[in-house]
Amino acid sequence: MITVSIMLATVIQALDGTIANVALPHMQGNLSASQDQITWVLTSFIVASAITMPLTGWLCDRFGQKTIFLASIGGFTVASVLCGMAGNLTEIVLARFIQGVFGAALVPLSQAVLLDINPREKHGQAMAVWGMGVMIGPILGPTLGGWLTDAYNWRWVFFINVPVGAMALYGVWKYIPGAQPTRKMRFDLFGFATLSLAIGALQMLLDRGEQNDWFASRETWIEAVLLAISFAWFVAHTALRPAGQSFFDYRLLKNRNYVTGLLFIAIVGMVLFATRALTPSMLQGLMGYPAAIAGLVTAPSGLGTMLAMLVVGKLVGKVDVRLLLTVGFALTAFSLWQMSQYTLVLSKGNIVWPGIVQGVGLGLVFVPLSTATFATLAPQMRADGTAIYSLVRNIGSSVGIALVQAFLTRNVQVAHASITEHINIANPMLQDPTVTAVYGSGGVAGATLLNAEITRQASMLAYIDDFWMMFLVTLAIIPLLVLIRPPKAQPSPPDPSAQHAAME
């Protein structure tokens with residue numbers, strides 16, 4: 001019951017990171033907002049969650065794990081209601097910020113609780129359950145959000161959280177035992193302020209960079225300077241303070257498995273979320289898929305992830321985690337190679353099968369990676385460790401999305417210019433009767449049609465370049481798996497009856 005309760009909380013938080021995306025055009029019209037303004041509905045949630053997440057360890061130490069869990073679920077559910085009731089842009093941005101603040105602790109706390117309530121030999125299965133809750137959000141979010149928006153209206157994207165949040169709140173209150181807070185950690189205000197400013201500036205830069213034309217915008221420069229200065233102050237401040245007195249416990253960085261796990265989870269975040277951002281826009285923008293169909297053909301990847309997690313949860317502890325990770329990353333790389341072979345003429349099967357392969361690969365990666373990352377970490381450091389782990393995954397996803405969008409925009413222009421070079425009177429293809437019948441031998445209408453087709457072809461080439469980039473990144477990370485130290489098998493506890501028989 002503890003597992004069910006905390007996974008309900010995890011699902012609604014993970015879901016809310018992506019479920020609102022497809023409802024943005026409807027919100028924009030209903031709230032009389034511009035396209036630039038409505039993106040703050042997403043940005044405010046991401047920034048608030050990123051800033052608050054590192055507080056999880058200190059809050060649990062100060063007030064107790066159960067208290068923070070209850071407050072997070074309750075606050076998140078109430079904020080969801082406020083989002084659904086918002087009457088203007090200011091109200092919904094503020095409500096989303098509150099939702100991000102309260103939801104930040106849900107994912108790391110659920111991971112910490114599952115590790116705490118399960119013995120070491122069950123950690124693989126526990127992380128499989130946790131991984132399904134975390135991964136189901138970005139996979140099902142757009143599909144569920146589109147259906148709710150079409151069938152009802154955009155407000156139900158947020159109201160759907162209320163019954164789930166209520167069940168999670170009751171389950172946590174009923175079944176998780178309360179423990180007295182230790183209150184050993186002092187709150188490092190300067191460390192928190194500098195880290196929060198750095199994370200907030202980074203998330204703003206990544207989330208709004210493409211929209212602001214990156215460093216051609218004054219806003220991007222301000223965010224970059226704030227990030228550099230505040231992070232430098234944070235590093236210097238943390239290094240000069242004794243362990244346990246700074247906001248970030250740098251003893252975490254002395255654990256090789258943990259640090260390597262952070263690197264890999266950042267890559268997983270980049271590949272997972274970047275692919276999820278690219279594929280629907282490619283299907284709808286270039287191939288004319290309706291939103292519902294685009295959601296249906298991308299959803300099977302989630303099925304592959306969940307099936308892989310169910311299987312791999314039982315293999316962790318029996319098979320070397322590095323072998324499982326190698327197979328997982330290899331499958332993920334293979335799926336990205338398949339995607340790099342896409343053309344403008346694709347059957348639904350051409351989209352579904354690479355998605356399933358990628359889903360299986362990510363499922364094989366997520367569970368053993370989580371298990372290996374925390375295998376050698378002391379239990380008292382789990383709250384801090386899980387918070388930073390989730391934060392790095394989120395930052396990795398933001399970096400991945402920003403990178404693929406930036407490369408997409410740039411490569412569309414490059415490919416468009418390259419193709420246009422061949423559009424001249426000397427090209428015999430332009431004299432072909434079939435071509436002139438479609439585009440005409442001249443005139444504005446024909447030129448407009450021809451330019452639209454060139455843009456379409458250039459966009460497809462840019463998407464292929466993005467898939468190639470992620471394929472190479474995934475391949476490059478595989479040799480680093482040798483840095484992971486497989487967790488040692490735990491000796492099984494002695495059987496009391498056998499001991500008694502031996503004594504007799």
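Is the crossing of α12 and α19 left-handed or right-handed?

Modeller: The crossing of α12 and α19 is left-handed; that is, the near helix is turned anticlockwise from the far one by less than a right angle, whereas clockwise would be right-handed. This is a predicted model, in which local features need pLDDT of at least 70 and side-chain atom pairs count only at pLDDT 80 or more, while totals for chains, interfaces and linings use all residues. Residues are numbered from 1 along each chain as its sequence is written, and side-chain values use heavy atoms, with hydrogens and water left out.

Helix α12 covers residues 189-208 and helix α19 covers residues 382-420. Helices are DSSP runs of H or I with at least four residues, numbered from the N terminus. The two axes come within 9 Å and cross at roughly 30 degrees. Such axes are lines fitted to C-alpha atoms over the stretch in contact, and angles run from 0 to 180 degrees between N-to-C directions. Because angles under 35 degrees count as roughly parallel, α12 and α19 are roughly parallel to each other.

On the α12 side, Ile199, Leu202, Gln203 and Leu206 make the contact (heavy atoms within 4.5 Å). Their partners on α19 are Leu391, Asn394, Ile395, Ser398, Val399 and Ala402. By class, the contact of α12 with α19 has seven nonpolar residues (Ala, Val, Leu, Ile, Met, Phe, Trp, Tyr, Cys and Pro count as such), no charged ones (Asp, Glu, Lys and Arg) and three polar ones (the others, Gly among them).

The chain as a whole has 22 helices and zero strands (E runs of at least two residues).

Methods. Angles under 35 degrees count as roughly parallel, over 145 as roughly antiparallel, 65 to 115 as roughly perpendicular and the rest as oblique.
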